[in-house]
Amino acid sequence: MKRIVSSVIYFSFFLSLNGFGQAGIDYDLQKPPKYENRTLGYEKTTETKWTVPRQFIQNTITHYNFFFNTNNKLNEILARAKGQFREDYTQLLPFYNYSLETTSKDKRNLDSVIDKVNSAILLRDMRNNWADNMYMLMGRAYFYKNNLDSAHILFQFVNYAFAPRDADGYPLPIGSNQEEGSNAFIISTDEKRNIIKKTFSEPPSRNESFIWQIRTYFQQEKLTRGAVLIEVLKNDPNFPARLRPSLHEMQALWFYKIKQWDSAAFHLILALDNTTDQGEQARWEYLIGQLYERTGNAAESKTWFEKSASHTLDPALAVYARLNAIRQNKKEGAKGDYIQKNLDALRRMARKEIYAPYLDIIYYVAAEMELERNNKAAARAYFKKCIEHANGLGYNRDRAFLKLGWIFMEDKMYPEAKYSYDSINVSNPMIADSLKILLDRKQALSHIVPQILIIQRQDSLQRIAAMTPEERDSYIKKMLRAYRKQLGLSEEDNSGGSGGYGFKSNNATTDMFNNSGTGDWYFYNQALKAKGYNDFKSKWGNRPNVDNWQAQSMINKQITGLTPASNLRLNGAEPGGVAPSVKELTAASLLEAVPLTPEKLKKSKDSVENAFFVLGKSLQDYIPDYQTAIKVYDSLETRFPDTRYYQEALFNQYYCYIHLNDSLNAARILALMKQKFPTGRYISLIENPPKGPEDMPVRTQATKAYEKVYEHMIEGQFDEAAAEKLKLDSMYGDKYWTPQLLYIEALYYIHYRYDSIGKVTLNKIISRYQGTDMSIKAKNVLRVLNERERIENYLRSLNVSRMPDDSIARAANANAQPKKEDSANAKPSAVTAKINKDSGLVVIKKPDSLQLRRQALFASPFSWSPDKPQAVVLVMTKVDPVYVTESKNAFDRYNRENFYGKNYETSQVVLSDTTKMMVIHGFDNAALALAYLDKAGNAAPREIIPWLPANKYYFIVIDDQNLETLKGNKNIQLYRQFLSVYSPDKFPSLK
């Protein structure tokens with residue numbers, strides 16, 4: 001009896017799992033030739049009954065023989081990809097700790113997953129409970145294979161094939177409200193299942209397929225489609241609670257991609273339940289801290305960094321999390337106070353043994369904190385400690401040398417910068433982003449530093465030569481002792497005049513292990529050990545206690561190309577002295593280089609003179625550092641008044657002042673050149689410059705590349721321009737940027753409300769290009785930007801009622817200007833008859849016979865009426881609306897400042913997707929319009945819109961009737977031809 005009851009319960013359980021199998025579609029699969037005479041499992045779907053025993057067999061085999069193994073293999077592929085992923089905790093972490101480029105390389109295993117899924121579909125009854133799960137596995141396999149189109153098709157297939165059906169078995173239209181019988185907009189599947197199903201089977205995969213569709217969209221950079229699907233699922237009442245963390249994960253990914261850091265952090269917090277283990281959770285907590293840091297929310301950032309440090313099992317992540325938490329400690333006190341407290345906390349960390357392997361990281365962060373309060377000396381000391389604890393090789397070692405190089409370059413300490421850059425392992429992939437600018441600077445310093453060293457060396461030798469013989473001998477002896485000590489030799493030469501480095505030849509060789517007199521063995525006798533050590537060091541110098549030390553050191557240098565950190569004297573910001581390369585280290589050998597004869601002294605001075613000129617030339621051409629170059633040329637002219645480089649040095653000074661926008665000093669140098677060299681060739685070069693300036697290939701290439709970025713930015717291709725700019729910045733740095741490019745970049749950030757970045761960009765213009773028109777514009781925009789919130793709050797509080805469209809701004813003009821007669825009744829000569837020659841108006845010339853003939857032959861829908869009210873139009877081609885609006889604002893400011901009392905009305909007209917117009921109304925006739933155009937047209941590239949490339953805009957004049965005609969036919973080129981026919985002197989014909 002007990003056995004019968006158990007059997008009934010057993011079969012009832014499996015019957016309750018799915019009495020009719022999963023809903024799907026009819027399959028019409030083409031079998032391979034070798035299976036044509038064999039009935040496969042999927043073919044029995046419509047031929048056999050779906051009995052309880054068959055359910056049990058099909059579900060069990062599909063689950064454990066196919067789904068279980070295939071799912072495990074897919075997880076192993078993902079785990080391997082994560083294991084190969086290398087995190088850089090100094091940068092914003094990627095959203096996921098693996099990449100599809102890595103997973104796609106595991107092609108063999110992914111193909112195995114796909115084959116296994118195909119076998120499950122072909123060999124098993126399609127009414128089993130695991131069909132949708134198998135299709136999802138195939139879709140994920142294609143996703144990890146980076147075959148996104150196939151993955152998207154499979155996820156869509158799951159969405160369609162396993163959609164809810166009506167009572168007759170027909171699928172309900174996706175997005176319909178037929179299932180609920182209400183107004184609810186539903187696309188997901190209701191997952192209300194009994195307890196047995198929830199316990200012993202996987203949830204239906206259709207809802208999960210929506211998440212993977214979103215992720216596929218984002219991977220394909222189809223952000224809008226993914227965002228729309230997110231919004232639909234957020235408001236879908238049937239979307240299951242179990243997938244809400246996954247939906248928040250997709251929202252976080254979306255905001256991460258569009259760089260809305262605060263929203264990304266908020267949704268990533270809600271997605272933490274979706275992490276697979278404690279390590280994944282700690283990683284996302286670290287990323288949340290980074291996201292809050294980018295929004296300026298130091299308190300939240302500190303909280304999440306601390307959570308990450310407490311949860312992670314990765315010691316590297318723990319160290320970086322604690323370091324970043326310390327960096328966010330900005331609650332109390334002035335800026336210097338919290339930095340000092342953070343530095344104290346870092347020093348406490350450095351004293352703990354647990355953090356010993358990460359001392360290079362700790363010192364690196366401490367150096368950056370010192371830089372934050374502009375303490376460069378302390379930062380250099382910390383960077384040096386970072387290098388010392390980086391074990392010779394490593395990412396932090398190269399980063400520290402890179403930062404030291406930047407510090408030295410900013411302080412114009414070029415020899416020290418060269419030593420830093422030369423110590424960097426250029427093959428380190430972690431500094432690839434800075435490699436181009438690093439190589440560029442190394443090349444520049446290779447021209448500059450040798451000249452500095454020549455000047456320093458020859459000046460020192462000349463000072464020694466100017467000493468009295470007694471002072472010189474004493475100084476040489478001190479130098480000799482210092483050099484011998486640096487080489488690890490005894491301070492006095494004990495070679496007995498033999499010139500060698502051995503022991504005195506007149507002493508008998510003693511047995512260093514002789515224990516006579518004391519009875520102690522050598523290694524127990526401290527006096528003998530000390531003597532042996534000193535004798536060895538006197539003969540061989542400093543040798544590491546390793547085998548084949550000399551050969552091994554040469555091999556290491558060939559492999560890494562690195563200068564050992566111990567050889568760099570960077571803590572004092574100056575390189576240590578290097579012993580001269582001489583065959584015999586004696587006082588006489590050192591004196592050989594001192595210019596004690598007139599011939600040697602002249603040769604030394606010539607070397608200094610040449611080095612000064614080459615140094616100035618290199619500074620202006622390779623860095624470029626125009627201020628220092630000017631000082632070098634001044635030193636050359638002061639020390640060598642009759643220098644053979646005088647004329648060219650003056651010309652180079654003039655060139656430097658021009659680049660610094662210092663017109664007064666440039667004029668002074670030019671006047672001096674005319675006085676000293678009135679017929680010199682450099683005067684003609686200044687007054688009649690060549691058509692194409694001679695430039696370095698790198699500079700020309702960089703200029704062209706940035707012009708392309710400039711064009712993309714103006715045309716509104718912001719994402720493409722930003723990506724290209726990031727790439728070029730890593731290659732060239734910022735020395736090829738122009739103030740115009742910086743200005744339009746700032747406008748882009750301000751328009752999309754990245755005010756903090758916009759302010760930084762505007763401040764760059766103000767500091768780098770002081771006194772220029774672009775600097776003045778940047779100051780005005782910055783002033784308004786600082787008041788942006790107050791102005792917007794004021795405007796939002798106003799209660800403004802909109803006037804009818806046909807009355808906007810016209811009422812003001814009607815009151816401000818006298819009423820005009822109907823132009824049809826006006827006399828043709830009225831315009832020209834009242835023109836005052838001193839009024840600055842443009843006189844419209846009467847057409848000659850040839851022009852009258854051209855007008856008669858030219859057919860167009862436009863009419864020429866110069867006596868009618870006219871408008872001046874700025875026509876812009878392929879310019880983003882952001883800059884069209886800014887152009888309008890710029891002309892409004894120009895009109896207020898230069899035409900006080902005039903009521904010019906400015907409006908925008910979109911002629912086509914690529915052509916936009918800014919129309920300025922308020923001119924009584926063509927003569928007045930052309931007079932305005934002469935003044936404003938000349939000022940546009942210099943004062944009004946200097947940031948807009950000249951090939952992106954041009955001016956026309958037009959009356960209201962022709963403007964309406966132009967709006968209708970949109971043929972701007974025809975109108976330009978029309979102007980060239982009727983006013984060829986002002987609007988030449990198009991080529």
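## Aromatic pairs

A search of the whole structure, which is a predicted model, finds 33 aromatic pairs, where rings of Phe, Tyr and Trp (its six-membered ring) pair if their centres lie within 6.5 Å, with planes under 30 degrees apart counting as stacked, over 60 as edge-to-face and the rest as tilted. Phe95 and Trp284 form a tilted pair, at 5.7 Å centre to centre and with 50° between the planes. Because Phe95 lies in the loop between helix 2 (52-84) and helix 3 (100-103) while Trp284 belongs to helix 12 (residues 278-294), this pair ties together parts that are 189 residues apart in sequence; helices are DSSP runs (H or I, at least four residues) and strands likewise (E, at least two), numbered from the N terminus.

Phe95 counts as buried at 5% relative accessibility, and Trp284 is buried at 6%, where buried means under 20% relative accessible area, exposed over 50% and partly exposed in between (1.4 Å probe, protein chains only).

## Cluster and charged neighbour

Phe95 and Trp284 also belong to one aromatic cluster, whose members include Tyr96 and Trp212. Over the ring of Tyr96 sits the charged end of Arg215, 4.0 Å from the ring centre; the criterion is NZ of Lys or CZ of Arg within 6 Å of the ring centre and within 35 degrees of the ring normal.

## Basis of the values

Residues are numbered from 1 along each chain as its sequence is written, and side-chain values use heavy atoms, with hydrogens and water left out. Local features need pLDDT of at least 70 and side-chain atom pairs count only at pLDDT 80 or more, whereas totals for chains, interfaces and linings use all residues.
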